Amino acid sequence: MLSRFTRGNIFKVVLAFVFWLFAAFYVLIIGMGAKNKKVMLEGGLYAVLFIGAFSLPNGSGAMLGLGSMVLSAVRSYMLRDLWLPRRVRRLPSGEAVQIPAPVAAPAPPIQFYQPSPAATPVAGASDELSTALTWVSAQAKQNKHRLPADTYVTILETCQMLDSVIDAETRQPSGDARFEYELEAMVREYLPNVLQGFLAVPPSMVDNRQPNGRTPNEELVEQLRLLMGQAETLHSTRHNQTSADLTSTGNFLRERFGHHQPGGFDFGIK
């Protein structure tokens with residue numbers, strides 16, 4: 001809280017106490033100042049309830065009006081990041097740096113590495129990839145309440161497709177160095193980094209517009225959509241290759257052993 005003690009913030013808090021009778025309008029004003037449509041809609045609801053309370057009988061009207069004021073005041077405190085920015089400190093060079101909001105420490109990150117396209121899989125690589133997918137699924141489940149709608153299902157479906165590819169590689173390695181590189185990058189780097197990056201954003205800021213015009217929620221949805229598309233590509237490529245290998249084996253067997261002679265089998269010996 002000490003990082004919020006600035007003259008501007010103190011002035012805003014003093015005004016809030018002076019005009020406490022208009023507490024029902026605080027959230028609406030905060031939303032308008034932050035240009036956050038979701039907050040504006042919520043604040044508009046409190047304002048409508050407060051105004052509507054004057055048309056009700058004394059007892060129920062007073063309770064409704066007081067309730068809207070209390071709810072708006074509580075929400076104003078919860079949305080303090082939108083109207084009480086943190087103190088800016090100065091570096092020796094004079095550059096201003098804003099003190100970041102404290103966030104819960106994320107789970108210990110997986111140690112990623114960048115294998116070269118020509119690298120060959122080492123023993124136990126498939127187990128390590130499966131472990132990485134298990135970690136992603138566990139993190140998604142643990143933070144399900146923080147994820148935007150449908151993104152939890154998207155993460156699980158992506159993990160299932162990648163796990164199927166890993167199983168196929170374990171049973172019969174493709175020998176394609178580029179394919180193995182893309183699979184490792186997806187499982188070890190791209191998917192975990194996207195999830196960790198979103199969970200590092202404070203929950204109160206996931207609907208704030210960024211310079212690119214998108215909110216963190218929208219960014220997560222878009223990035224997961226792209227990763228799921230890549231997972232589908234890896235899945236179809238690997239299993240199409242499996243089908244092609246089976247067909248090649250069948251063609252060989254049909255050519256080698258598919259011709260019978262009346263006196264026995266033709267083993268290709270003339």
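Helices here are DSSP runs of H or I with at least four residues, strands are E runs of at least two, and both are numbered from the N terminus. This is a predicted model, where local features need pLDDT of at least 70, side-chain atom pairs count only at pLDDT 80 or more, and totals for chains, interfaces and linings use all residues. Residues are numbered from 1 along each chain as its sequence is written, and side-chain values use heavy atoms, with hydrogens and water left out.

Q: What share of the residues of the protein chain count as buried?
A: A residue is buried when its relative accessible area is under 20%, exposed when over 50%, and partly exposed in between (1.4 Å probe, protein chains only). Out of 270 residues in the protein chain, the buried share is 32%.

Q: How far apart are the end C-alpha atoms of helix H6?
A: The expected span of a helix is 1.5 Å times one less than its number of residues. Helix H6 covers residues 125–142, so its 18 residues should span 26 Å. The model agrees, with the end C-alpha atoms apart by 26 Å.

Q: Which helices do the buried residues of H6 pack against?
A: The buried residues of H6 include Leu129, Leu133, Trp135 and Val136. Seen down the helix axis, the buried residues of H6 fall within an arc of 150° (taken from the directions from the axis to the C-beta atoms), so they line one face. With contact meaning heavy atoms within 4.5 Å, that buried set packs against helix H7 (151–171) and helix H8 (177–199).

Q: Which exposed residues sit on the face of H6 turned away from its buried side?
A: The buried side holds residues such as Ala132 and Gln139. Turned away from that side are Asp127, Thr131, Thr134, Lys141 and Gln142.

Q: Which residue forms a salt bridge with Glu42?
A: A salt bridge needs a side-chain nitrogen of Lys or Arg within 4 Å of a carboxyl oxygen of Asp or Glu. Glu42 has such a partner, with the closest N and O atoms 2.5 Å apart. The pair links distant parts of the chain, from helix H3 (residues 37–52) to helix H4 (residues 58–78), and the partner is Arg75.

Q: Is Arg209 buried or exposed?
A: Arg209 meets Glu218 in a salt bridge (2.8 Å, N to O). Glu218 has 35% relative accessibility, so Glu218 counts as partly exposed. Arg209 is at 53%, so Arg209 counts as exposed.
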